[in-house]
Amino acid sequence: MASFKPTQIPDLPKLGEKITEDTLYWKNYKAPVQIKEFGAVSNIDFSPVSPHNFAVTAFTRIHIYGPFSQEPVKTFTRFKDTAYCGRFRSDGQLLVAGCEDSVVRLYDVGGKAALRMYKGHTKAVHVADFTTGRYQILTASDDYTCRLWDIPNAVELTAYQEHTDYVRCGVTSKLNRDLFITGSYDHTLRVFDSRTEKSVMTMDHGQPVESLLLYPSEGLLVSAGGRYVKVWDLLKGGQPLVSLKNHHKTVTCLALNSSGQRLLSASLDRHVKVYNTTNYKVVHNFDYAAAILSLGLAPDDESIVVGMTNSILSIKHRKNLEEPKETSKPRRRPSYRVFMKGKNFVPKQDDYFVSKPARQHLAKYDKQLKRFNVSKALDTALEAWLRRKKPEVTVAVIKELDRRGTLKNALAGRDEEQLSRLLCFVIGNFFDTRFTPVLATTAEIVLDIYQCVIGQSAVIDRHLIHLQKLLEKEIYYQKDLMEILGMLDTMFAFSLLRKELICVLQHYDDLSQL
């Protein structure tokens, strides 16, 4: 009797993601360091001064972390209610923050108590930032106003009340100390000049605005709100340039890398998208465990810090290629001569050579096939980890059952759960060109066997309707492709005939000249 031959798994081409320079660059980060905060992390701000510490605003505290510290090097806790928007000044010496109690507090990074407290807003202050002049503070609140404050005298300089809803984001110009921009839940962006009494420019985002970002040249402004990220040209009077809709939920924050060539956006859908600022196409994507509220990118791109709604702060540090590898004690292994013992032995002429058969190790589905348990073999091949990680193995087992003529027996007699698992696999891989021929046969046999019980299970009916819709859509695509192919064939044939006609005419011209 011939020995059992294991199922051959074909070496199919992998359909993985395209490896680009951006993929290699943004994947060059270590595993994230996760820190548990006291509440949802609402804001992250990096100090512009080396060593680029970053302030994390979460609940009633602001923690300052070092570049590689997992414990805060400084903590500000004297808030009566939830703190918002802790931001550094350009020299890294002062920090300003808003609060739910409508008071704005100014801190010395080296101290503990607030240096100044600015009172004038009537509701929560979600925006607080320094102007380029270093001696003024911009604040914006849920009372629909934005105000400028004088730092030394702790007095209000100017107040603007043009928004008609909460003002939740703002940014100050780094090139002009008199300009600043605010974004509101009334869907508008407004550019203010402190030398005038009213806003000098207004833009309509179309959604409640959650975050603003100015390019280093300050000719372009980026706004985030709803599912949209929009880019505006300020030099052309606020003309919209690009509208991006790559997130599935509200976009909460924006960031720009050190070179200004990559734009990052984070959303409640747990994703961080990286865009190329040349064509605004997504070049990379980060996944996180919870909805993202805040995002920070170090000025030297050495760290990516993300704050989430589950109070987790995730920090990714860039890998240092020059960092020496940890030298661990080598594991003791058998010496080379143990493995080579007897390998070079040459038998003599009168010796009898006895070969020891190698033991064959079979996979679980091959063991079932060897025992002719075709139904159990298919069940083994449909295990969750196998059908998700290695669908080619499941397809190879189905193909082997079809070759043996026992596929119909393996598919018959299944309950609702087993049949649902099989249909999920067929639907998920049906349009993979590597598996389509095998799975099409499988789908036909399933319909032949179970057509008499259709309508008795809502789960199975839902899977079959889904498969039908996918097939109709694929047929529609194929028809469109055939029409396009016919058009291209006509164009190519016409251009070929034209070239041949020109060659013939040139040949006759040459003959006539002779």
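A154 sits between strand 12 and strand 13, which covers residues 155-160. A154 is not a glycine, yet its phi is positive, at about 55 degrees. Is A154 buried, exposed or partly exposed? Its relative accessibility is 29%, so A154 counts as partly exposed, given that buried means under 20% and exposed means over 50%. Please keep in mind throughout that this is a predicted model.

There is another residue of this kind to show you. Y144 is found in the loop that links strand 11 (136-141) to strand 12 (146-150). Y144 also is not a glycine, and its phi is positive at about 75 degrees. With 30% relative accessibility, Y144 counts as partly exposed.

While we are on backbone geometry, here is a peptide bond to look at. Going from S50 to P51, the bond is cis, and omega is near 15 degrees. P51 belongs to the loop between strand 2 (41-46) and strand 3.

That brings us to strand 3 itself, residues 54-58, where T57 has its place. How buried is T57? Its relative accessible area is 0%, so T57 is buried. Which residues touch T57, once we leave aside neighbours within four places in sequence? The contacts are A40, V41, S42 and N43, then I62, and then A83, Y84, C85 and G86.

Now let me zoom out to the whole protein. How many helices and strands are there? The protein has ten helices and 28 strands. Why call it more spread out than a compact globule? For 514 residues the globule rule gives 24 Å, and the radius of gyration is 33 Å, well over that, so the protein is more spread out than a compact globule. Along the principal axes, the C-alpha atoms fill a box of roughly 105 × 90 × 70 Å.

A few totals for the protein, for those who like them. Of the 514 residues, 44% count as buried. The accessible surface is about 30,700 Å², and carbon and sulfur atoms account for 53% of it. If we take contacts between residues at least 6 apart in sequence, 45% of them join residues at least 24 apart. On charge, there are 70 positive and 58 negative ones, and their mean positions lie 9 Å apart.

Helix 6 runs over residues 391-404, and its 14 residues should span 20 Å at 1.5 Å a residue; the end C-alpha atoms are 20 Å apart, so the two agree. Which residues of helix 6 are buried? They are P391, V393, T394, V395, A396, V397, I398, E400 and L401. What covers them includes helix 3 (364-370), helix 4 (374-381), helix 5 (384-389), helix 7 (407-411), helix 8 and helix 9 (436-450).

From first C-alpha to last, helix 8 reaches 20 Å, close to the 20 Å expected for its 14 residues. Its buried residues are L419, S420, L422, L423, F425, V426, I427 and N429.

Notes. Residues are numbered from 1 along each chain as its sequence is written. This is a predicted model: local features need pLDDT of at least 70, side-chain atom pairs count only at pLDDT 80 or more; totals for chains, interfaces and linings use all residues. Side-chain values use heavy atoms; hydrogens and water are left out. Helices (H or I, at least four residues) and strands (E, at least two) are DSSP runs, numbered from the N terminus. The radius of gyration is taken over C-alpha atoms; the globule rule is 2.2 Å times the number of residues to the power 0.38. Buried means under 20% relative accessible area, exposed over 50%, partly exposed in between (1.4 Å probe, protein chains only). Contact means heavy atoms within 4.5 Å. Accessible areas come from the Shrake-Rupley method with a 1.4 Å probe; for residues, only the protein chains shown count as cover. Lys and Arg count as positive and Asp and Glu as negative; His and the chain ends are not counted. The place of a charge is taken as NZ of Lys, CZ of Arg, CG of Asp or CD of Glu. The expected span of a helix is 1.5 Å times one less than its number of residues.
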